[in-house]
Amino acid sequence: MLLREIASLKQNPNPLSYNEIPEPQIGEGEILMRVTACGVCHTELDEIEGRVKPQLPIVLGHQVVGIVEESSATTDPTGALRRVVTTGQRVGVAWIASACGKCEHCLSGNENLCAEFKATGRDINGGYAEYMKVRADFVHPIPDSISDSEAAPLLCAGAVGYRALKLCNLHDGQSLGLMGFGGSNHIVLKTAKHKFPSSPILVFSRNPSEREFALALGASWAGAIDQSPPKALDAVIDTTPVWGPVGEALKRLNPGGRVVVNAIRKEESDKEILMKLDYPSQLWMEKEIKSVANVTRQDVREFLQLAAEANIKPEFQEYELKDANQTLLEMKQGKIRGAKVLRIN
Ligand SMILES: [Zn+2]
Ligand SMILES: [Zn+2]
C-alpha cells in the first residue's frame with residue numbers, strides 16, 4: 001500500500017494505493033522480512049496529511065511483525081545480532097530503523113535523539129507490504145507467548161508508553177496519573193500495575209466509556225480531565241493532542257512531580273493555556289514538564305520481555321492489508337477500542 005502524495009483524508013479518503021512493487025534487495029547488514037502483521041498508528045494519519053513529513057513515495061507502517069526470510073548480516077561485534085537474525089525467526093520492527101551509533105546520544109543510550117535517526121515508514125519503507133528490508137541490528141525477537149497481531153501494537157503504542165513510564169521516575173507506592181486513555185495509556189496501565197503494584201493509578205478522560213474501560217482494567221479512580229482526583233499525583237503521562245490536560249496535570253502534581261508528554265505533536269488551538277500558567281500552583285516546587293521522543297531499541301526489547309512476563313496484551317481488531325484506507329479512516333473518525341492491525345501473508 002503506497003503513499004504517493006500528501007492529502008487530507010477529507011479530500012481523499014483513499015490516499016494509499018494497492019500496487020505491485022519489486023521485492024526489496026538487501027545489502028550488507030540487512031535482512032528481508034516476510035511481513036505477517038503491521039499495526040496502524042495515529043502517526044500514519046500525520047504522515048498522510050503532512051504534519052509529519054515522510055519521504056515520498058513510501059510504504060507506511062512502523063509496528064511490523066514478520067519472519068526473517070533472508071539475511072546478509074555479517075558483522076556482529078557483540079554476538080547479540082547473530083541470535084536475532086536467524087532465517088525463519090519471528091521478529092518485530094519499531095519506529096527506530098537506524099541511528100549513527102557514534103554520537104553522544106547514541107553512546108549514552110538515547111539513540112532516539114540521534115541527528116541521523118531514521119524512522120520506519122517515514123524515511124524507509126515500512127510494513128504495509130508483503131516484504132520489507134531493514135537493518136538486522138534494528139529488529140527485535142518476539143517472545144513465543146505473544147502472537148503476531150498482539151505484538152504489533154506493542155512495538156509502538158506499547159514501547160513508547162513504556163519509555164514514558166520510565167521517564168516518570170516513579171517508585172512503587174507513588175501515585176501515577178494518566179491523561180487520556182487510548183491505544184498507549186491502556187497498555188501503560190497494565191505495565192504500571194505490574195512494575196509498581198502498590199502505586200495508585202488515576203485516569204483522566206473526557207470519554208465516559210474510556211473511564212469505564214480504565215476502571216475495568218484496574219485503575220483506582222477515573223474522572224474527567226478537569227475533575228479533582230482523591231489524591232495528588234507524583235507523575236502524570238499525558239497522551240492528549242491539546243494543552244488543557246497539561247495545565248490540569250500540573251495543578252494536581254506533588255512537589256518534585258513530573259508531567260511526561262507522550263505526543264508527537266500538540267495542537268495550537270488552546271496554546272494560550274501555557275501563557276496563563278500560574279507559577280505558584282503549577283510550576284513552583286520543582287515541578288517539571290518533559291516530552292518523549294519515540295523509542296530506543298533497548299526500550300523495545302525491555303518492553304517485549306516485560307509484556308511476555310506480565311502477560312500484557314493489547315486489545316486489537318484485525319483488517320486485511322488492502323483495507324488499509326478504510327482502517328485509517330475509522331481511526332480518524334475515532335471508531336476505536338484498543339489498536340488496529342493489518343494482517344498480511
Ligand atoms: Zn506509532
Ligand atoms: Zn547517533
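Me: Is His62 buried or exposed?
Reply: A residue is called buried under 20% relative accessible area, exposed over 50% and partly exposed in between, with a 1.4 Å probe and protein chains only. The relative accessibility of His62 is 1%, so His62 counts as buried.

Me: What kind of model is this?
Reply: Residues are numbered from 1 along each chain as its sequence is written, chains are lettered from A and ligands numbered from 1 in the order in which they are written, and side-chain values use heavy atoms, without hydrogens and water. Local features need pLDDT of at least 70 and side-chain atom pairs count only at pLDDT 80 or more, whereas totals for chains, interfaces and linings use all residues, since this is a predicted model.

Me: Which residues coordinate the zinc ion (ligand 1)?
Reply: Donors are N, O and S atoms within 2.8 Å of the metal (3.2 Å for Na, K and Ca), and because water is not among the atoms, sites may look incomplete. At 2.0 to 2.2 Å, the zinc ion (ligand 1) is coordinated by Cys41 (SG), His62 (NE2) and Cys156 (SG).

Me: How many residues apart in sequence are the parts that Cys41 and His62 tie together?
Reply: Helices (H or I, at least four residues) and strands (E, at least two) are DSSP runs, numbered from the N terminus. Cys41 lies in the loop between β3 (30–40) and α1 (42–48), and His62 in the loop between β4 (58–59) and β5 (64–71), so the parts tied together by this pair are apart in sequence by 21 residues.

Me: What is the arrangement of the four donor atoms around the zinc ion (ligand 2)?
Reply: The zinc ion (ligand 2) is coordinated at 2.3 to 2.4 Å by Cys100 (SG), Cys103 (SG), Cys106 (SG) and Cys114 (SG). Four donors count as tetrahedral if all angles lie between 85 and 135 degrees. Here the four donor atoms subtend angles of 107 to 115 degrees, so the arrangement is tetrahedral.

Me: Which are the edge strands of the open sheet of six strands?
Reply: Two strands pair if DSSP finds at least two bridges between them. The sheet has parallel pairing and the order β13-β12-β11-β14-β15-β16. Pairing on one side only marks the edge strands, β13 (221–223) and β16 (288–291).

Me: Which residue in β16 does Val260 stand opposite?
Reply: Strand β15 (residues 253–261) and β16 pair in the parallel sense over four bridges. In β16, the residue opposite Val260 is Lys290.

Note on methods. Four donors count as tetrahedral if all angles lie between 85 and 135 degrees; four count as square planar and six as octahedral if opposite donors are over 155 degrees apart and all others between 65 and 115; anything else is irregular.
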